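Hi everyone, and thanks for coming. Today I'd like to walk you through one protein chain, from the overall picture down to a few single residues. Please have a look at it first.

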Amino acid sequence: MSIRHDWVEVGAMPAYLARPTTTPAPGIVMLQEIFGVNAAMRAKADDFAAAGFAVLVPDLYWRLQPRIDLGYSEADRKQGFGYMQRFDFAQGVADCVTAAEWLARDPGCSGAVSFVGFCMGGKLAVLAGARYAPTRAVASFYGVKLDESLDVLRQLKAPFQFHVGDRDGHIPVETVGKVREALAGKAGAQVYQYPGAQHGFFNRLREDVYDKTAADLAQNRTLEMLRSVAD
């Protein structure tokens with residue numbers, strides 16, 4: 001499917017917008033890793049747009065420094081962690097909700113909006129998905145420190161998926177267990193653990209951790225959920 005993409009302004013916040021040429025399309029607010037709205041995030045947004053979604057990726061670091069685009073060198077990793085440590089999560093959740101409201105009103109979007117996030121964004125997807133009442137679905141890819149938000153997970157009304165590798169060095173197996181326990185018996189909630197996969201396994205620009213088998217399966221599961229709530 002052909003797509004178009006560009007940077008837009010959501011109030012004062014920059015955001016990357018990718019969408020199919022055939023619109024209106026169901027929406028995704030896609031939330032970044034610690035490295036900013038970088039080439040990997042934009043490529044994944046384009047992938048979801050090619051699958052038939054209008055994808056808005058808000059620049060969540062915009063108050064610290066707009067349009068950060070980091071790679072994965074050791075220096076970039078340190079810089080990314082530094083930005084995350086300075087990041088105001090409460091304000092970030094508010095920005096995510098603002099992005100969802102903007103996307104729902106955009107003529108290229110059908111009005112149905114879901115959240116998909118990675119790493120830091122995987123936690124924000126849960127927090128924002130619970131805050132934004134019309135949320136259709138939430139997918140958290142290796143969202144960090146979800147054990148600090150178990151009550152929020154229990155309160156989620158939308159379908160939810162947590163995708164994590166069993167070799168994720170940033171998410172202890174105990175955390176995955178707590179998430180499973182919090183979601184036990186909750187309709188529409190799934191925890192998917194991928195054998196041998198590491199943190200960032202979904203990111204095809206990170207050759208050190210990308211796992212195509214796990215990424216393809218996670219993509220299919222996510223698309224199936226998002227399409228089931230798109231109407």
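Let me start with a term: accessible area here comes from the Shrake-Rupley method with a 1.4 Å probe. With that in hand, the protein chain exposes about 9800 Å², and carbon and sulfur atoms supply 48% of it. Please keep in mind that this is a predicted model.

Now for the overall picture. The protein chain holds seven helices and eight strands. Its C-alpha trace spans about 45 × 40 × 35 Å along the principal axes. What radius of gyration would a compact globule of 231 residues have? It would be near 17 Å, and the protein chain has 16 Å, so the two agree.

How much of the chain is buried? Of the 231 residues, 57% count as buried. The contacts also tell us something about how the chain folds back on itself: among those between residues at least 6 apart in sequence, 67% join residues at least 24 apart.

Next, charges. The protein chain carries 25 positive and 26 negative side chains, and the centres of these two sets lie 3 Å apart. Side chains of opposite charge can pair when their charged atoms come close. How many salt bridges are there? The count comes to 10, and I'd like to show you three of them.

Now move along to Asp47 and Arg204, whose side chains meet in a salt bridge at 2.4 Å, N to O. Here distant parts of the chain are linked, with Asp47 in helix α1 and Arg204 in the loop between β8 (189-194) and α7 (212-228), 157 residues apart. Asp47 counts as partly exposed at 22% relative accessibility, and Arg204 counts as partly exposed at 38%.

Asp95 belongs to helix α3 (residues 89-105) and Arg63 to the loop between β4 and α2, so to speak two distant parts of the chain, 32 residues apart. Going back to Arg204 for a moment, salt bridges that share partners join Lys44, Asp47 and Arg204 into one network.

That brings me to a neighbour in the sequence. Asp46 also lies in helix α1, which covers residues 39-50. Asp46 is buried yet has no salt bridge. Where is the nearest side chain of opposite charge? That side chain is Arg204, 7.0 Å away, and a salt bridge needs the nitrogen and oxygen within 4 Å. Leaving aside residues up to four places away in sequence, Asp46 touches Ile3, His5, Tyr16 and Ala18.

Phe162 is part of strand β7 (residues 160-165). With 0% relative accessibility, Phe162 counts as buried. Beyond the residues up to four places away in sequence, its contacts include Tyr142, Leu146, Ile171, Val176 and Val191.

Tyr142 lies in the loop between β6 (138-141) and α5 (150-155) and is buried, at 1% relative accessibility.

To finish, some backbone geometry. Most residues other than glycine have a negative phi, and most peptide bonds are trans. Tyr142 has a positive phi, near 40 degrees. Arg67 has a positive value too, with phi near 60 degrees. Arg67 is placed in the loop between β4 and α2, and with a relative accessible area of 45% it is partly exposed. Where is the cis peptide bond that I want to point out? It joins Thr23 and Pro24, with omega at about 5 degrees, and Pro24 is found in the loop between β2 (13-20) and β3 (25-31).

Terms used
Residues numbered from 1 in each chain as written. Predicted model: local features only at pLDDT ≥ 70, side-chain atom pairs only at ≥ 80, totals over all residues. Heavy atoms only, no water. Helix = DSSP H or I, 4+ residues; strand = E, 2+ residues; numbered from the N terminus. Rg over C-alpha atoms; globule rule 2.2 N^0.38 Å. Buried < 20%, exposed > 50% of the residue type's maximum accessible area, 1.4 Å probe, protein only. Contact = heavy atoms within 4.5 Å. Lys, Arg positive; Asp, Glu negative; His and termini not counted. Charge placed at Lys NZ, Arg CZ, Asp CG, Glu CD.
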